Amino acid sequence: VGGWNKVDMVSSSYLYDGAGIFDPDHKGYMIAMFRHPIERAVSLFYNLKSNKAYAEQMVTLSTVEQYSRSSLVENNWMTRFLSNSLSGELTPEHEAIAKEVLRTKCIIGLLQEKAESMRRLEMLFDVKAEKSQRRYDCQEKLWYWDWPGKNRHEQVLEGSEAWNRLYEQNSFDIRLYEYARELFKAQGKLFQTSVTEE
């Protein structure tokens with residue numbers, strides 16, 4: 001598939017298996033949208049609460065704090081995914097691998113910077129869309145009001161018991177997120193536009 005000229009994008013949640021479809025003559029790169037790991041964990045809690053498949057496991061977990069103490073709480077998911085270490089204890093070596101994958105293979109997007117992230121993707125894929133009020137209104141709605149999977153819920157306050165427990169469970173991911181923010185800023189140079197293009 002990686003060598004077929006008609007393919008612009010491949011979507012897979014199997015990073016290391018998916019990489020096997022590319023070769024030195026047909027390279028690919030990863031695109032990832034990052035969210036603060038604690039915000040991600042809180043959103044996952046509310047998603048699990050509304051998912052019928054998890055109803056039995058979630059019945060006793062009515063608060064984020066209870067969830068943060070449970071076996072269902074995610075534990076450094078992004079670091080595990082990027083270092084291909086889905087179980088076991090994480091080490092600084094796993095963190096280094098995850099950072100290197102981001103640095104060398106990934107176009108970074110940030111949920112906090114949705115508009116800029118989408119602008120970069122439009123440049124990357126050479127999207128030629130009309131600039132109109134209708135398009136702007138549609139983007140506003142999709143990006144900020146009603147995106148697919150959006151969970152409306154209260155935020156967990158920094159310093160609270162739930163925040164601290166989620167921080168402990170995701171300390172590698174929090175450092176990885178900060179690194180992704182640095183990369184996002186650095187990658188801005190790759191997506192600069194001239195004044196005449198705007």
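Biologist: Read along the sequence, what pattern does the protein follow?
Modeller: Going along the sequence of this predicted model, you get α-β-α-α-α-α-α-β-α-α-α-α.

Biologist: And how many helices and strands is that?
Modeller: The secondary structure comes to 10 helices and two strands.

Biologist: What share of the residues is buried?
Modeller: Buried residues make up 34% of the 198 residues in the protein.

Biologist: Let's look at strand S1. Where does S1 run, and is Ile31 in there buried or partly exposed?
Modeller: Strand S1 covers residues 30-34, and Ile31 lies in it. Ile31 counts as partly exposed because its relative accessibility is 34%.

Biologist: What about Phe34, buried or exposed?
Modeller: Phe34 is in strand S1 too. With a relative accessible area of 5%, Phe34 is buried, because buried means under 20%.

Biologist: Okay, new topic: helix packing. At what angle do H6 and H10 pack?
Modeller: Helix H6 (92-105) and helix H10 (residues 171-187) pack at an angle of about 25 degrees. Their axes are 10 Å apart.

Biologist: Is H6 roughly parallel or roughly antiparallel to H10?
Modeller: Roughly parallel, because of that angle. Angles under 35 degrees count that way.

Biologist: And is the crossing left-handed or right-handed?
Modeller: H6 and H10 have a right-handed crossing.

Biologist: Now charges. Why would two side chains pair up at all?
Modeller: Side chains of opposite charge can pair when their charged atoms come close.

Biologist: How many salt bridges does a search of the whole structure find?
Modeller: The search turns up 11 salt bridges.

Biologist: Which residue does Glu161 form a salt bridge with?
Modeller: Arg165, with the closest N and O atoms 3.1 Å apart. Glu161 and Arg165 sit in helix H9 (residues 161-169), and being four residues apart, they are separated by about one helical turn.

Biologist: How exposed are they?
Modeller: Glu161 is partly exposed at 39% relative accessibility, and Arg165 is partly exposed at 28%.

Biologist: What about Glu39, which residue is its partner?
Modeller: Glu39 forms a salt bridge with Arg35, and their closest N and O atoms are 4.0 Å apart. Glu39 is partly exposed, with a relative accessible area of 30%. Arg35 counts as partly exposed at 25%.

Biologist: Which residues are linked in a network of salt bridges?
Modeller: Arg40, Glu74 and Asp173 are linked that way.

Biologist: Switching to the backbone. What is the phi of Asn76?
Modeller: Asn76 has a positive phi of about 50 degrees, although it is not a glycine. You'll find Asn76 in the loop between helix H4 (64-69) and helix H5 (77-83).

Biologist: Is Asn76 buried or exposed?
Modeller: Buried, because its relative accessibility is 3%.

Biologist: And what is phi for Asn84?
Modeller: Phi of Asn84 is near 60 degrees, a positive value in a residue other than glycine. Asn84 lies in the loop between H5 and helix H6. Asn84 is partly exposed, with a relative accessible area of 48%.

Biologist: Last one: where is Tyr14, and is Tyr14 buried or exposed?
Modeller: Tyr14 is in the segment before helix H1 (15-18). Tyr14 is exposed, with a relative accessible area of 56%.

Note on methods: Residues numbered from 1 in each chain as written. Predicted model: local features only at pLDDT ≥ 70, side-chain atom pairs only at ≥ 80, totals over all residues. Heavy atoms only, no water. Buried < 20%, exposed > 50% of the residue type's maximum accessible area, 1.4 Å probe, protein only. Axes fitted to C-alpha atoms, helices over the stretch in contact; angles between N-to-C directions. Parallel < 35°, antiparallel > 145°, perpendicular 65-115°, else oblique. Left-handed = near helix turned anticlockwise from the far one by under 90°. Salt bridge = Lys/Arg side-chain N within 4 Å of Asp/Glu carboxyl O.
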